[in-house]
Amino acid sequence: MIATLDRVTYTYPAGHSPALRQIQLTLDEGRFVVVAGPSAGGKSTFLRLFNGLVPQFSGGRFEGRVRVCGRDATRTPSRDLALTAGMVFQDPEAQSIVDRVEDEIAFALEQRGLRPSEMRARIDGVLRALAIEHLRDRRLTTLSGGERQRVAIAAVLALGPRLLLLDEPTSQLDPDGAELVVDAIHRLHGERGLTTLVVEHRLDRFLPLADDVVHVADGAAARLAPRRFAAAYAGAPAVARLGRRLGLDPLPLTPAEAYAGHAAALAALRPRPLPARPPVGAELIGARGLELAYGSIAALAGASLVLKEGEILALMGPNASGKSSLLRAIVGLAEPGAGELHFGGERPPEGVAARSAFAGLVPQQPALALYQATVAEEIADSLASRRSALSLAAALARWGLTEIAERDPRDLSVGQQQRVAIAAMLAHEPPVWLLDEPTRGADPATKTWLAERLRVHTASGGAAIIATHDIEAAAAIATRVVRLDGGRVDFDLPATVAFGAGGPLPTQVAQLVPGALLPEDVLV
Amino acid sequence: MSTVAWTGWVTLVMAVALTTTNPLYLTIVLLTVILVAAISPKTEGAGLGIRFMLVLGLALFVLSIGVAVINTGSGEHVLLTLPRLDAPDKLGGLSLGGDITAEAVVGGAIRGTVILSILLGFAVFSAAVSPHAVLRLAPAVLFHAGLVITIGLALLPSTLADLQRIREVQALRGRAAGIRELPAIVVPVVMGGLDRAMRFAEAMEARGYATPPPVPAATRLLGMASAPLLIAAAWIWFYYPEIRWMGVLAAVAGVAAVLLWGWDIARRRRTTRLNVEREPLLLFVAGRASFLLAAGAVLADLGGWLPTSYNPFAGLPAPEFGAVGALLALAPTWPLLFLASAEGRPSEGRAAPEAVLQ
């Protein structure tokens with residue numbers, strides 16, 4: 001047994017109610033544990049118990065006992081506990097000190113007074129374990145997010161912890177970067193037998209690797225077997241939700257498991273007839289041959305697309321393919337060097353404020369701009385800036401924010417903050433919504449909320465473009481898919497074709513049941 | 001050039017500039033720094049930093065002259081006379097305007113040249129050496145102060161990026177640019193910066209950087225005692241010349257207390273280095289000699305033995321020019337010997353631009 005939590009109850013310094021309640025849990029050595037649950041349920045707080053950040057760094061009221069590797073985690077100084085329980089955070093940029101990879105990994109070892117030969121041996125070992133030997137002499141600022149996150153893991157591992165704690169390590173990364181980090185964590189666990197705790201929303205990658213799942217919700221924690229957890233959790237991977245509908249036993253967690261265990265049952269499945277494509281109206285946005293460059297780097301190289309009333313267009317493609325640049329060019333945050341742009345068939349107005357009155361853009365991290373004391377003031381501020389005729393009460397109700405109208409945006413959970421920020425950006429209800437990675441780091445409840453808002457918007461003649469990497473979320477809402485690559489349109493297909501079996505971006509369910517995209521599309 | 005050598009050089013520039021009021025020597029120091037700035041290796045971004053510091057230094061040079069001429073009023077060589085405004089005695093008796101004298105202009109120019117030389121020297125140093133490399137050189141006793149500065153520097157670029165993002169988001173919300181909209185920009189930047197700093201501090205705590213080993217009470221007492229001892233030493237030295245020997249005793253005691261405090265902390269925080277910068281013998285000697293020369297210049301100035309002072313208000317005499325002062329002013333030229341042979345190569349601290357763009 002590597003850790004024991006005994007009747008732990010914890011309240012943050014400014015908290016009115018406990019963030020964690022009466023948690024009683026043991027953790028066996030060498031296990032791979034996924035910590036899952038709804039946003040603001042207490043997952044990150046739970047994780048911080050194991051290295052003493054809660055309550056040593058956060059303060060607040062603490063009851064109970066936490067023992068990690070035989071030491072009292074609430075009393076052992078973090079300097080010493082860091083040797084036992086190493087932690088990697090969400091944001092790879094907010095956890096590095098030195099500017100070269102080798103120096104960054106060596107920094108903590110130097111502070112411990114290790115001999116250079118011992119340091120070199122440890123650095124070689126962790127670089128090899130994480131397959132980043134080629135990055136040894138690189139500067140951190142030249143690395144991608146996935147590479148930086150692996151360097152952060154290496155820096156923690158070099159101290160030789162027995163317990164590795166990861167707080168949403170892939171939430172800030174694109175799919176390629178996330179895949180590299182997941183592979184690295186999986187390999188480390190397999191090769192070194194390192195006890196690993198991962199807090200994560202994107203369960204499709206981590207759940208198949210887990211020995212246990214700790215479900216944290218409303219401050220309570222319960223340990224479950226992964227399949228038992230997937231059988232009940234709303235945010236389980238699509239293949240598990242399909243298996244749940246079909247009553248498959250054992251419940252598959254990946255398409256490969258489903259094929260291997262239930263080939264006959266899958267072969268008998270038929271898709272529900274897909275709904276008729278919703279009628280589309282007049283052209284709202286027309287972009288033709290847009291070219292845009294940042295210095296000598298071309299971001300758009302002749303990109304074209306048309307968006308019509310009633311459409312939800314998923315804009316997909318690898319990093320730096322031009323997705324964000326296209327959205328920025330539409331609202332005037334970037335000036336294309338060539339090409340034509342039309343709003344409703346006419347030349348767009350000049351200026352960001354005027355253009356975003358017609359095509360409202362929600363950029364990445366919109367919550368950065370929240371600054372008012374309450375949610376209501378934040379929405380009122382947006383309505384006043386736009387001179388909108390909509391009443392504050394109506395806007396709050398439309399965006400489902402009435403219940404939290406008097407709360408301080410900074411005290412809300414990440415998911416709630418994201419909703420407030422999206423509402424603040426689009427409170428004036430422009431006909432076109434442009435959303436840049438709105439589901440990154442979002443919990444299932446926020447994704448469902450956004451999908452519902454988009455359906456209401458397009459049903460009333462609006463349209464939307466959503467830049468995203470999330471195939472499953474896009475398949476649930478998009479009517480069309482445009483993939484960019486190198487600043488050009490790679491393909492422009494109906495969503496049923498793009499995400500379907502044989503399409504370029506098949507969903508998990510489409511791989512199992514041709515003709516269906518989501519678990520709900522399969523006839524049972 | 002190594003980090004130690006650059007640190008020695010910038011220390012020497014600062015010491016010589018601060019201990020010299022002779023305009024001839026100061027001009028030599030300034031020209032020396034400009035020459036080193038021109039030939040020192042720098043990335044594109046670092047070049048921008050030097051230009052910024054040059055503009056700031058020139059602005060402060062002009063401001064220094066401006067402040068000197070409008071509130072001095074003393075001197076015999078009157079250039080022109082402005083209307084005079086005297087503040088009441090209760091407010092310090094400050095006078096603005098009146099006679100604008102050549103002495104005041106020269107005095108302001110001397111102060112401005114000191115500021116310009118130091119700013120430019122630091123810009124060159126910052127362009128050539130990574131702050132992280134300096135942090136790794138910091139003695140154990142200064143580790144936490146260095147860590148705070150390094151973290152601040154690490155957060156600066158992300159804060160500037162936040163500023164740009166928030167301006168864009170507010171424009172997308174339909175807010176017009178202008179002074180009334182400042183809170184919509186400043187509040188989120190400050191809140192975001194605090195939030196980022198907290199996350200950074202938490203990450204450092206989790207890695208065990210933030211918690212030093214415990215220091216015993218006796219050591220802390222030594223550290224606390226050193227400050228009043230050194231202040232007392234300076235006080236006695238300048239205001240009670242008849243008992244200067246007591247000032248010397250207090251200074252010795254203060255320095256001893258600082259050294260013991262630092263030694264004990266360093267002993268408890270045993271650190272090592274993975275990579276030690278290798279220096280040719282000549283560079284090693286030049287870097288360390290710079291520290292010694294800087295310390296010697298400061299001590300000689302305190303003792304009044306340095307022939308580099310000049311008082312323009314003593315009738316605006318022609319500044320003297322002697323061998324000692326000239327050699328001291330020329331001392332910061334030594335990096336030219338090493339840079340001339342390594343021109344075009346990146347320094348150890350900063351990568352070349354192409355490496356950054358990989």
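Predicted model: local features only at pLDDT ≥ 70, side-chain atom pairs only at ≥ 80, totals over all residues.

Me: Which word describes how H4(A) and H5(A) lie to each other, oblique or roughly parallel?
Reply: The axes of H4(A) and H5(A) are 10 Å apart, and the packing angle is about 130°. Angles under 35 degrees count as roughly parallel and those over 145 as roughly antiparallel. With an angle of about 130°, H4(A) and H5(A) are therefore oblique.

Me: How many residues of the contact of H4(A) with H5(A) are charged?
Reply: From H4(A) come A:Val101, A:Glu102, A:Ile105, A:Ala106, A:Leu109 and A:Glu110. H5(A) brings A:Met119, A:Arg120, A:Arg122, A:Ile123, A:Val126 and A:Leu127. Sorted by type, the contact of H4(A) with H5(A) has 8 nonpolar residues, no polar ones, and a charged group of 4.

Me: H5(A) also packs with H7(A). Which residues of H7(A) take part in that contact?
Reply: Helix H7 spans residues 175–192 of chain A, and the angle between H5(A) and H7(A) is about 120°, with axes 10 Å apart. That pair is therefore oblique too. The contact of H5(A) with H7(A) divides into 3 nonpolar, 1 polar and 2 charged residues. On the H5(A) side are A:Gly125, A:Val126 and A:Ala129, and they meet, in H7(A), A:Arg187, A:Leu188 and A:Arg192.

Me: Over in chain B, are H1(B) and H2(B) roughly parallel or roughly antiparallel?
Reply: Helix H1 runs over residues 3–19 of chain B and helix H2 over residues 23–39 of chain B, and their axes are 10 Å apart. The packing angle is about 155°, and angles over 145 degrees fall in the antiparallel class. That makes the two helices, H1(B) and H2(B), roughly antiparallel.

Me: How much area is buried between chain A and chain B?
Reply: The size of an interface is often given as the accessible area lost when the parts come together. Here the contact takes 63 residues from chain A and 52 residues from chain B. On the chain A side, A:Phe57, A:Ile97 and A:Leu368 lose the most area, together 14% of what that side buries. Carbon and sulfur atoms give 56% of the total between the chains, which is about 5000 Å².

Me: Which residue of chain B meets A:Arg328 in a salt bridge?
Reply: Side chains of opposite charge can pair when their charged atoms come close. Between chain A and chain B the count is 8 salt bridges. In one of them, with N to O at 2.8 Å, A:Arg328 meets B:Glu168.

Me: How many residues apart in sequence are the parts that A:Glu29 and A:Arg162 tie together?
Reply: A:Glu29 and A:Arg162 form a salt bridge, with their closest N and O atoms 2.9 Å apart. A:Glu29 lies in the loop between strands S2 and S3 of chain A, and A:Arg162 in the loop between helix H6 and strand S7 of chain A, so the pair ties together parts whose separation in sequence is 133 residues.

Me: Where is the cis peptide bond that has omega of about 0°?
Reply: One cis peptide bond joins A:Val54 and A:Pro55, but there omega is about 10°. A:Pro55 is in helix H2 of chain A, whereas A:Pro250 is in the loop between helix H10 and helix H11 of chain A. The bond with omega of about 0° joins A:Asp249 and A:Pro250.

Methods:
Residues numbered from 1 in each chain as written. Chains lettered and ligands numbered in written order. Heavy atoms only, no water. Axes fitted to C-alpha atoms, helices over the stretch in contact; angles between N-to-C directions. Helix = DSSP H or I, 4+ residues; strand = E, 2+ residues; numbered from the N terminus. Parallel < 35°, antiparallel > 145°, perpendicular 65-115°, else oblique. Contact = heavy atoms within 4.5 Å. Nonpolar A, V, L, I, M, F, W, Y, C, P; charged D, E, K, R; others polar. Buried area = accessible area lost by both parts, 1.4 Å probe. Salt bridge = Lys/Arg side-chain N within 4 Å of Asp/Glu carboxyl O.
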